[in-house]
Amino acid sequence: MTFQVTVQPSGQQFSCEADETVLAAAIRAGVSLPYGCKNGACGSCKGKVVSGSVQHKAHQERALTPDEAAAGYSLFCCATTGGDLVIEARVVAGSSDYPIKKMPSRVTTIEKVAPDVVVLTLQLPASERLNYRAGQYIEIMLRDNKRRSYSMASAPVEGGPVSLHIRHMPGGLFTDQVFGSMKERDILRFEGPMGTFFLREDSDKPVVLLASGTGFAPLKAIVEHMINEKSPRPITLYWGARRPHDLYMDALCRQWAADLPQFSYVPVVSNALEEDQWQGRTGFVHQAVMADLPDMAAYQVYACGAPVVVESANRDFVSLCNLPAQEFYADAFTSEADLTK
């Protein structure tokens with residue numbers, strides 16, 4: 001059976017099959033609802049059911065609490081319906097400008113940049129073009145219909161390679177392959193671009209970029225895109241890590257700060273050892289932002305990394321630092337342990 005979904009306040013409508021999630025139906029119809037992981041773990045697709053009812057597939061409670069569910073909120077990436085729906089959700093302008101496509105790629109380099117992080121560079125076919133917005137991600141297609149999502153760390157440049165920052169998760173289906181048997185010239189298939197985490201270029205507000213760990217990847221793409229576009233907007237990058245070596249592209253960030261008058265870089269380390277001889281900022285990275293910017297009313301924030309970091313930043317920036325809720329854009333990374341499909 002097919003049901004009708006109406007989105008408020010935009011008034012857009014799309015059809016949804018009985019066995020299809022609301023988000024999948026929206027993507028199929030070209031209706032750009034916000035989303036991130038598509039696995040019920042990050043909460044980016046959360047919206048309200050105004051009328052009708054949904055049933056949820058497995059998801060993380062942190063992404064949709066029982067109280068939120070009782071109040072009528074839903075994770076559209078894992079919500080199905082047996083009838084017509086009216087939902088309340090933001091429609092993201094520009095996120096459907098570039099078509100999602102499947103394509104092969106060839107591994108050109110595997111560079112270890114930290115004890116547990118590699119930069120994987122993929123060359124696309126000469127006959128194919130991947131158009132995307134800086135900040136979006138691709139899904140690597142594995143055996144048995146399994147997939148793993150990685151943000152593109154390279155700015156969109158015609159004909160250019162795509163780079164991914166991959167942290168080793170021991171026992172992980174894909175990361176064990178990357179850190180073990182994968183070699184240059186291997187072929188990988190992927191689908192993309194995906195996600196609604198990208199720079200809003202219709203604003204001239206100063207930008208705060210907040211990264212934890214490999215959450216730096218899509219923010220690197222955003223910085224490089226802004227450099228390529230000669231954007232005059234002030235940018236401050238806060239990058240949080242457990243130890244200094246986890247800031248695996250620290251030299252690049254410091255070079256940006258030296259070369260670009262509108263760019264500032266603040267590395268923050270939470271668990272430095274004496275042997276690290278760390279002289280910089282310490283503690284939680286989002287608290288460093290709050291210490292420097294107690295009033296964020298005039299800013300846009302782009303946050304990427306561990307869900308606890310993104311959630312804490314969203315809560316505290318909005319409630320304590322006057323950041324407008326609609327100016328917080330996030331991509332909460334999920335590990336293979338978080339995946340429910």
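Strand β14 (residues 207–212) runs alongside strand β18 (residues 300–305), and the two pair in the parallel sense over 5 bridges. Within this pairing, A211 has C304 of β18 as its bridge partner. Please keep in mind as you look around that this is a predicted model.

Helix α7 (residues 307–320) packs on the sheet here, where it touches β14, β18 and β19. The direction of α7 makes about 165° with that of β19.

Stepping back, the sheet is an open one of 6 strands, with parallel pairing and the order β17-β16-β15-β14-β18-β19. Its edge strands, β17 (281–282) and β19 (328–332), each pair on one side only. Strands of a sheet pair through backbone hydrogen bonds.

Now let us turn to helix α5. This helix lies across β15 and β16, and its angle to β16 is about 150°. The two helix directions can be set side by side:

| Helix | Strand | Angle |
|---|---|---|
| α5 | β16 | about 150° |
| α7 | β19 | about 165° |

Which residues of α5 are buried? In this helix (residues 250–259), they are D250, C253 and W256. Seen down the axis of α5, these buried residues fall within an arc of 120°, so they line one face of the helix. A251, A258 and D259 sit on the other side of α5 and are exposed.

What covers the buried residues of α5? The cover includes helix α4 (216–228) together with strands β15 (235–241) and β16 (263–269).

Technical notes. Residues numbered from 1 in each chain as written. Predicted model: local features only at pLDDT ≥ 70, side-chain atom pairs only at ≥ 80, totals over all residues. Heavy atoms only, no water. Buried < 20%, exposed > 50% of the residue type's maximum accessible area, 1.4 Å probe, protein only. Helix = DSSP H or I, 4+ residues; strand = E, 2+ residues; numbered from the N terminus. Arc of directions from axis to C-beta. Contact = heavy atoms within 4.5 Å. Pairing = 2+ DSSP bridges. Axes fitted to C-alpha atoms, helices over the stretch in contact; angles between N-to-C directions.
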